[in-house]
Amino acid sequence: MANPSSGNAIDVSGLEKGFDDLPVLWDLDLTLGWGEFLVIFGANGSGKTTLLRTLSGQTRPDSGRIRIAGFDLRRQAEAARRRIGVVSHSGFLYDDLTCRENLSFYGRLYSLPDLKARVAGALERVGLSLRADRRVRSLSHGMQKRLAIARALLHQPSLLLLDEPESGLDRDSVAALAALLQEWTAAGQSVVMTTHNTNLGLAWASRAATLAGGRLGFDRAAA
Amino acid sequence: MRTRFLRPLAALVWKDLLLELRSRDIIVSALMFGFLVAVVFNFALNVNPQRVTELAPGLLWVAFTFAGTMAMSRAFVREREQGGLEGLLQAPVSRDAIFLGKALVNLLFMLVIEAALLPIFAVLLNFSAFSLTLAAAILLTTLGFATVGTLFSAIAAQTRSREVMLPALFFPVILPVLIGAVEVSGAVIAGETDSSGWGGGATGRWLPLIAVFDALFLVICPWVFSIIVEE
């Protein structure tokens, strides 16, 4: 997906979200340029997942404005969602479909051209070509995570939102994911990732921030 | 239109049919339940030829309704358990296409269940199931049932006591359509048909009413669905 010539990958201003009168995100502002890789650290319950769900359009904010790749997430929702890839704790995968069928299904939802070749390419990229016709329920947790990453990348989104993507992956898979994300940002696409692994987050990202009290703090270039 | 609506809708239907073909957990359990209702009521109520007209329509629709509700309750549970609903909502697909895809699959499942149960009821209760009017009543009622059921299944799937919530929310709304279906089925089983074969008074009154309810459901339910899935 080509990046629009104007606008940032993410423009958020005055974002607020709470549950049962408990504020989780409070007057949050965030701007992310193209090619930037932002890692967000925060304690459990600090709102990292809520922030990613809100940025992906899965949770409606109480107030504030979100623009993804120049598109208003509320008024131009379909155009904005087309530019987002999400890897969350849930893989969005169907246990009784094979790896290939799962990716084909999502490819058809996105109306992707050359779907067969794209699916084969995505499976190869995450090292699951040999298991393409195995059902998801027969895969290990780590393999399911890799398939979820392939699903998120299938439509070539401009922005990747990753919620602790390294959890459940072995060392080789983590290294492969790091290389893939580096290649991704080098091509001008952007990434927002949450993690509890400080070393890994600082090594991968170009920018780091913490989420506490509903706001982003300590927002600066990663070492 | 084709890209934004029909392709995703076709993909959704393909995915749900494939999943059901592999797991068979919806149709088999609903069929077993419907078969059990047919056999138990047949012996419990002693349905002799004189009482067929008054008992058969009610028994038929009790079986269809509860078997359909069982099938419907699974529609969004599988999505929610495997995170599929979030994946669907993340895709650049209109909520209407998601809703109508789900409703279409539920309609197909229910029609399969009804096509299997109707001959069993016809044999056990000794009435003729070959009637265009009865087929029209079943098709129209099932369309309304699947449309409203899909919406309430989506709502119930987000609650903890979803098995209780679905019928509690769903039956009051679908009741007028079910009453119409029982009335039309009664008229057909009693042989109250005119020369065109389209039935007498009850059919003429209730079939158009069921169609009007269907049209209302088809407009309102996708709209409500798009609101409730946002949160």
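A residue counts as buried if 20 or more other C-beta atoms lie within 10 Å of its own, exposed if 12 or fewer, and partly exposed in between, with C-beta atoms placed from the backbone. Keep that in mind for helix α7 of chain B. Helices here are DSSP runs of H or I, at least four residues, and strands are runs of E, at least two, numbered from the N terminus. Of the 25 residues of α7(B), 20 are buried, so this helix is largely enclosed by the rest of the structure.

Some ground rules. This is a predicted model, where local features need pLDDT of at least 70 and side-chain atom pairs count only at pLDDT 80 or more, while totals for chains, interfaces and linings use all residues. Residues are numbered from 1 along each chain as its sequence is written, and chains are lettered from A and ligands numbered from 1 in the order in which they are written.

Now chain A. It has seven helices and ten strands. Its radius of gyration, taken over C-alpha atoms, is 17 Å. The globule rule, 2.2 Å times the number of residues to the power 0.38, gives 17 Å for 223 residues, so chain A is as compact as a globular protein of that length. The C-alpha trace spans about 45 × 35 × 35 Å along its principal axes. Buried residues make up 47% of the chain.

Confidence next. pLDDT is the predictor's confidence in each residue, from 0 to 100. Chain A has a mean of 91, and 97% of its residues reach 70 or more.

Then the interface. Contact means C-beta atoms, placed from the backbone, within 7 Å. Chain B brings 21 residues and chain A 22 residues. On the chain B side, α1 (2-23) and α5 (84-90) each supply at least two residues. α1(B) gives the most, nine residues.

Last, the core. A nonpolar core is a set of buried Ala, Val, Leu, Ile, Met, Phe, Trp, Tyr and Cys residues joined through C-beta atoms within 7 Å. The largest has 137 residues, and L161(A) and A71(B) are among those touching the most other members. Helix α6 (95-125) of chain B provides the largest share, 14 residues. Leaving out residues up to four places away in sequence, L161(A) touches L52(A), L55(A), S56(A), I84(A), V86(A) and V192(A).

Notes:
Two residues are in contact if their C-beta atoms, placed from the backbone, lie within 7 Å.
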